[in-house]
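Here is a short report on one protein chain.

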Amino acid sequence: MLLRDLLDDPGLGLTLLAGREQMDRPVRGIYITDLIDPRRYLHGGELVLSGLVWHTGPADSERFAAALADAGVAALVAGTARLGSAPPDLVEACARHRVPMLEVPVSVSFNTLSERVWRAGNPMSPSRRELVDAVAAGADLEQVLAMAATELGTDCWVLSAAGAVVGGRGELPEKSRSALVREFLASGALPGTVRPAAGASGTSFVLWPIGSDAESRLARWFAVLLDAQQYRSTDREAVAADLATAVALLRSRKQEGRQAASRSVQAALHRLLEGSASSSEFAARLDAAGLPVGEPLRVVALDVDGYGELATTLLREIAAATGVASVTAPLDHGALAVFAGDRCGLAGLDRSLHRTMEDLEYGTGELRLTMGVSDISEAVGLRGAIEEARHARNLAAHRSSRCGIAAAAELATHQVLLASATDDLRRSYRQRVLSRLLAYDETHHSDLVLTLRTFLECSGSWSRCAKRLHVHVNTLRYRIRRVEEITGRDLGDFTTRVDFYLALQLHT
């Protein structure tokens, strides 16, 4: 569809503020954001919807408009709920950067706009729009899946990449569920047919993605249709496509509700960490968001390589997959979730989160996920639980897994000291202890750092270390002497060994 199609739609009530000469731009997708620089999530051609939470003045407008122009978006649609109207400095910045800008009235939700774009981007014959029309008429997910199952003549489900069965018709065994999630995360082109090893003999499934390919697969939903042999006809494929579009619209509605709760909690969270609000005040905000705060609490912190919006969306999906009541908010370029429930349910989070992280590793690609989990606490100890989760997340970042997870119980080790140190202090310490040895290895193409690391991991045992390195003990003794000569440190001294061990923990 074109921008002018949206502008001409009387049901949307859009007002054109800049870019009248660019109304013939095609819209290839939609993206909702409150980031001041969202270009890393954009692929070009998107209609960007923003509530302008990031706006504080002209400098912010210039930065935001420049980012959208650089990403090649179709246009910006500004919400009016926060500021009442679009700031003039933003209109000027968009005009200067040739980013068409429209304003949506407060009576029209971003979800309504999303549905309009989804419908235009997923054309289908009138006879194959029953499911989308049912959503427009108020049908929920279970009703849509029941309609789809009837038309397809087989069972179908909706899963999240975090492992939750969001909805479904029929029984989906636990082993099949995990295998299907991994297939979805690791598969190339979708839709596709799979026969997971964990499934019943001969059972095949069709995996049908939901949402835009611009969204990370880690945070997406997908439809699972039983018995791929039935999907040879164009008609049945159209039903599956209709189902995917209908579920995408339902998910967009759910996300709007989650984001509203998140915004309320986010502001209170920052005041709590700054010390300007008490734990009881924050607990009251959680109560307003629908969390049973009379119950014990547990906190989870997640980072996805600094991609804050992806971390927030993904943690919401992870939290939903646990089945424990929770609310999620952005924090420190990552995200934080507060869970509430009985102690038995909160204790079971460990197993659920570890299983989810194991599955997600199949779809991380170049990304790295790190998660920290606090102990169970009461509402009055919430601030301490948040700090525990953040330190545990830092500890997980020092592990080799692409999906590292650590719990507060593991913080009573030397690793918490390393995790809580500043980056500058860590670099300085590593440089002071290892710089000569690293320089020697680089110049002479040797591997004395590996020898030292192995020696310390073997607790100074000459025989075990030599065996692991596949060298003679005399060769090992020579290498350790060279380490001592180069660094000027005596490895027979315990404190020297501790210094080297900690520095090597920082050197990856």
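## Helices α16 and α17

This is a predicted model. Start with α16 and α17. These two helices pack at an angle of about 135°. Their axes lie 9 Å apart. Angles over 145 degrees would count as roughly antiparallel, so α16 is oblique to α17. The crossing of α16 past α17 is right-handed. On the α16 side, the contact uses Leu450, Thr451, Thr454, Phe455 and Glu457. On the α17 side, it uses Trp462, Cys465, Arg468 and Leu469.

Which residues of α17 are buried? In this helix, which spans residues 462-469, they are Cys465, Ala466 and Leu469. Their arc around the axis is only 100°, which places them on the same side of α17. An α-helix has 3.6 residues a turn, so residues three or four places apart point the same way. The buried residues of α17 pack against α16 (448-457) and α18 (473-487). After α17 comes His470, with a positive phi near 60°.

## Helices α2 and α3

Now turn to a second pair. Helix α2 covers residues 58-71, and helix α3 covers residues 88-96. They pack at an angle of about 30°, with axes 8 Å apart. Angles under 35 degrees count as roughly parallel, so α2 and α3 are roughly parallel to each other. Here too, the crossing is described by its hand: α2 passes α3 in a right-handed crossing. From α2, the residues that take part are Pro58, Ser61, Glu62, Phe64 and Ala65. They meet Asp89, Leu90, Ala93, Cys94 and Arg96 in α3.

Leu90, Val91, Ala93 and Cys94 are buried. These residues span an arc of only 165° around the axis, which puts them on the same side of α3. Pro88, Glu92 and Arg96 are exposed on the other side. What covers the buried residues of α3? The cover includes β1 (15-18), α2, β4 (75-78) and β5 (101-103). Arg98 follows α3, and its phi is positive, near 55°.

## Helices α7 and α12

In α7, the residues in contact are Glu174, Arg177, Ser178, Val181, Arg182 and Leu185. In α12, they are Arg355, Glu358, Asp359 and Leu360.

## The whole chain

The chain has 508 residues, and 50% of them count as buried. Along the principal axes, the C-alpha atoms fill a box of roughly 85 × 60 × 50 Å. Next, take the contacts with a separation of 6 or more: 64% of them come from residues 24 or more positions apart.

## Confidence

How does the predictor's confidence run along the chain? The mean pLDDT is 83. A value of 70 or more is reached by 91% of the residues. Which helix has the lowest confidence? Confidence is lowest in helix α14, residues 414-420, at a mean of 59. It is highest in helix α3, at 95.

Note on methods. Residues are numbered from 1 along each chain as its sequence is written. This is a predicted model: local features need pLDDT of at least 70, side-chain atom pairs count only at pLDDT 80 or more; totals for chains, interfaces and linings use all residues. Side-chain values use heavy atoms; hydrogens and water are left out. Buried means under 20% relative accessible area, exposed over 50%, partly exposed in between (1.4 Å probe, protein chains only). Helices (H or I, at least four residues) and strands (E, at least two) are DSSP runs, numbered from the N terminus. The arc is that of the directions from the helix axis to the C-beta atoms. Contact means heavy atoms within 4.5 Å. pLDDT is the predictor's confidence in each residue, from 0 to 100. Axes are lines fitted to C-alpha atoms, for helices over the stretch in contact, and angles run from 0 to 180 degrees between N-to-C directions. Angles under 35 degrees count as roughly parallel, over 145 as roughly antiparallel, 65 to 115 as roughly perpendicular and the rest as oblique. A crossing is left-handed if the near helix is turned anticlockwise from the far one by less than a right angle, and right-handed if clockwise.
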